[in-house]
Amino acid sequence: MDLAMAASLAALALIDSTSFGTLLIPIWLLLAPGRVKAGRMLVYLGTIVVFYFAVGMVVVLGATTFIDDLGALMDTRPATWVQLAVGIGLLILSFRFDSKKSKEGGGRMGRWRERALGIEADAPGTTATRTSALPLVGLALGAATLEVATMLPYLAAIGIVTTSGIGPAATTATMAGYCLVMVLPALVLLTARLVARNAVEPLLVRMNDWMTRNAASTTGWIVGIVGFLVARDAAWRLGLFEMLFNR
């Protein structure tokens, strides 16, 4: 792997690290009242890493096995019409992301916050460490599953890896490294929170406020841009622009 490829993958991983599941929920866990339970945070982040790695390897192996057949299929006219419909569907879907609910603290964002803080509310002196692992795993899997449809940087990274020809062992190591870099900011915040709570908490609050306010609208913009690019590519290959401008 050359330096340019490594830098591209690292940049994509850091973009992925700012998502709902990889940063916002960890911030909520860090803002929970009382002493931070590092073990629980590591369970959550470890689940995120394993889930993303598993999904990535499935996609990589599938792309490597069927890349020629898939390319031939996507070049057919019916598949291109399907691509156009998917792109238009994503554009329409993007308008359903309402930032007002996020700003008001309601909707799905509020429920996820309550769930995250509820997991951290176990009373001290109980068997919380043993019993809370499963809810944390469920929280991580739920958040990661919701983000599968919008893990665009990860899909771009998978595309880079599958076309690089670096071999199975290097591909596996690269995907694992990507997933670890993806949770690195959350690990840095965890370390800072453990070492300097009073100095870090105001930063966590500001980050939480900004991400909570803008999460829905940012996701909507991403989905809309992807939908536009997918639809534009299909329309171009179908010759729709040529038909329109030659009228």
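**Group meeting: a walk through an all-helix model**

F51, Y52, Y154 and Y178 form one aromatic cluster.

Before that, some housekeeping. This is a predicted model, so to speak of local features we need a pLDDT of at least 70, and side-chain atom pairs count only at pLDDT 80 or more, while totals for chains, interfaces and linings use all residues. Residues are numbered from 1 along each chain as its sequence is written, and side-chain values use heavy atoms, with hydrogens and water left out.

Back to the rings. A pair of aromatic rings is described by the distance of the centres and the angle of the planes. Here, rings of Phe, Tyr and Trp (its six-membered ring) pair if their centres lie within 6.5 Å; planes under 30 degrees apart count as stacked, over 60 as edge-to-face and the rest as tilted. How many aromatic pairs does a search of the whole structure find? It finds four. In one of them, the ring centres of F51 and Y52 are 6.3 Å apart and the planes stand at 70 degrees, so this pair is edge-to-face. Are F51 and Y52 buried or exposed? Both are buried. The word has a cut-off: buried means under 20% relative accessible area, exposed means over 50%, and partly exposed is in between (1.4 Å probe, protein chains only).

F20 and W28 make another pair, with centres 5.9 Å apart and planes at 80 degrees, so that one is edge-to-face too. F20 and W28 are both buried.

Now the chain as a whole. It has 13 helices and zero strands. Helices (H or I, at least four residues) and strands (E, at least two) are DSSP runs, numbered from the N terminus. Of the 247 residues in the protein chain, 35% are buried. The chain exposes about 13,900 Å², and carbon and sulfur atoms supply 69% of that. Accessible areas come from the Shrake-Rupley method with a 1.4 Å probe; for residues, only the protein chains shown count as cover.

Next, contacts, where contact means heavy atoms within 4.5 Å. Take the contacts between residues at least 6 apart in sequence: 83% of them join residues at least 24 apart. L190, in helix α11 (residues 184-195), gives us an example to look at. L190 is buried, with a relative accessible area of 5%. Which residues does L190 touch, not counting those up to four places away in sequence? They are L30, V36, A38, M41 and L42. L190 and V36 are 154 residues apart along the chain, yet their C-alpha atoms are separated by 8.4 Å.

P135 is a second example, found in helix α8 (residues 133-147). P135 is partly exposed, at 34% relative accessible area. Leaving out residues up to four places away in sequence, P135 touches R115 and I119. From P135 to R115 is 20 residues in sequence and 9.3 Å in space, C-alpha to C-alpha.

On to charges. A salt bridge is a side-chain nitrogen of Lys or Arg within 4 Å of a carboxyl oxygen of Asp or Glu. By this rule the count is two. R197 bridges to E201, with the closest N and O atoms 3.0 Å apart. Both lie in helix α12, four residues apart, about one turn of the helix. E201 also bridges to R193, at 3.4 Å between the closest N and O atoms. Through shared partners, R193, R197 and E201 join into one network. R193 is buried at 3% relative accessible area, R197 is partly exposed at 35%, and E201 is partly exposed at 22%.

Last, the surface. I225, F228 and L229 form a nonpolar patch there, with about 280 Å² of accessible area together. Patches are made of residues with over 30% relative accessible area and no salt bridge; like charges are joined within 9 Å, and nonpolar side chains (Val, Leu, Ile, Met, Phe, Trp, Tyr) within 5 Å. L229 lies in helix α12 (residues 197-238) and is partly exposed, at 41%.
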